[in-house]
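Work through the exercises below with the model open. Each task is followed by its solution.

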Amino acid sequence: MTTPTSGPATGDGAPDRPATGRPATGPTRTTGVTPARTTRAPRPADRPLRALRAPEANRSNALPAGAWWLWALGLATAASRTTNPLLLGLLVGVAGYVVAARRTDAPWARSYGAFIRIGLFVVGVRLVFSVLLGSPVPGTHPLFTLPEVPLPDWAQGVRIGGRVTAEQLVFSLYDGAKLAALLICVGAANSLANPARLLKSLPGALYEAGVAVVVAMTFAPNMVADVARLRTARRLRGRPTGGVGAVLQIGLPVLEGALERSVAVAASMDARGYGRTAEVPPAVRRATNALTLGGLLGVCAGTYGLLAAQGAVYGLPLLIAGLVAAVAGLRLGGARSVRTRYRPDRWGARAWLVAGSGGVVAVAMIWAGGVDPEALHPGVVPLTAPVLPLWPAAAVLVGLLPALVAPVPPPVGAGSKTRPSPEEDQ
């Protein structure tokens, strides 16, 4: 009668591992290989940390495109409220870090570099115009003098050439940097938000304008993808990919190809019935138009009142009333839509955190402009070195929150092997 062993027997009849008691961690007698340790189950104290950790992005937890756009528009609003180059550089750095941390490998996600180049071009053009056409900013530090072109009497206030001062160039640099930062923040939204997913988030009352929106929203991403494709083709053929000559040769094909692809997408949507509406009573249609148009006019007037110093009293109430009327009109007009949504975007806690971080940056910068405007707008007459205000800079750092809470995109090439990426699941 044989005694049963506690594990699979080896050549000498001894089990490799005891069935009970403490698991063996050393090498076995026969193979000399150390068994792999079992994965330790997470302790209860680690579960909150694992819940706060950003998950890997997939088709179910991808952020809505509207959240990325609200975040980027918040940063752009903050950039429009200051000319401090330190704050503008901090805003650009925040946007660039979030793009680098959460950008996918989709073709339209590569447009951020193009917006950076456009921003630098804007700064250069602003400086050139200031040198050639002059500036109303007086200065006491002349750098050089250009030959001035005499102009007739009816062109008083405009000059071509003349003296160029350091104050004039610094003012132009600050002004151009503000516009460049605004463009770069918008470019961050183009790199992070899928245009197709953004189109799905449009209210039902705006479906009739969906074809035009498709052309407008997909033109820039398609143009960036065509530029990369044509540059790769020229490189394989041994032709130069940089310089003015290469830009002139590929400029027209790029514009034509991007427009054709955008129009093709719009035509396919129109063929599938996108934008068609159901019959509604005339009274409802007139009420919808009145609420939407009146609400948008109220939003414009309220925004102007907030920006102007004289309209600060009536600006906020008029803006709130306009928003309420516009939302009511869009909600009422959405009842006309007969289009259904396949897998609609869900706004979870992470999406609200991403959108809210941009709103916090915008509100903090607007508040700082009213409390300490000199810190946000450094003087140029006389020339003074810009100083970084601490609490507005700390508020700008809130814009880094999407790099921590937004789902992490899969590595390049991993999305097609494991699971469909959020951009491909449309």
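**Exercise 1. Find the salt bridge and say what it joins.**

Arg126 forms a salt bridge with Asp175; their closest N and O atoms are 3.2 Å apart. The criterion is a side-chain nitrogen of Lys or Arg within 4 Å of a carboxyl oxygen of Asp or Glu. By this rule the count is 1 salt bridge. Arg126 sits in helix H4 (residues 112-133) and Asp175 in helix H5 (residues 166-192), so the pair ties together parts 49 residues apart in sequence. Helices are DSSP runs (H or I, at least four residues), strands likewise (E, at least two), numbered from the N terminus.

The model is predicted: local features need pLDDT of at least 70, side-chain atom pairs pLDDT 80 or more, while totals for chains, interfaces and linings use all residues. Residues count from 1 along each chain as its sequence is written, and side-chain values use heavy atoms, without hydrogens and water.

**Exercise 2. Classify both partners: buried, partly exposed or exposed?**

Apply the cut-offs: buried is under 20% relative accessible area, exposed over 50%, partly exposed in between (1.4 Å probe, protein chains only). Arg126 has 25% relative accessibility, so Arg126 is partly exposed. Asp175 has 29%, so Asp175 is partly exposed too.
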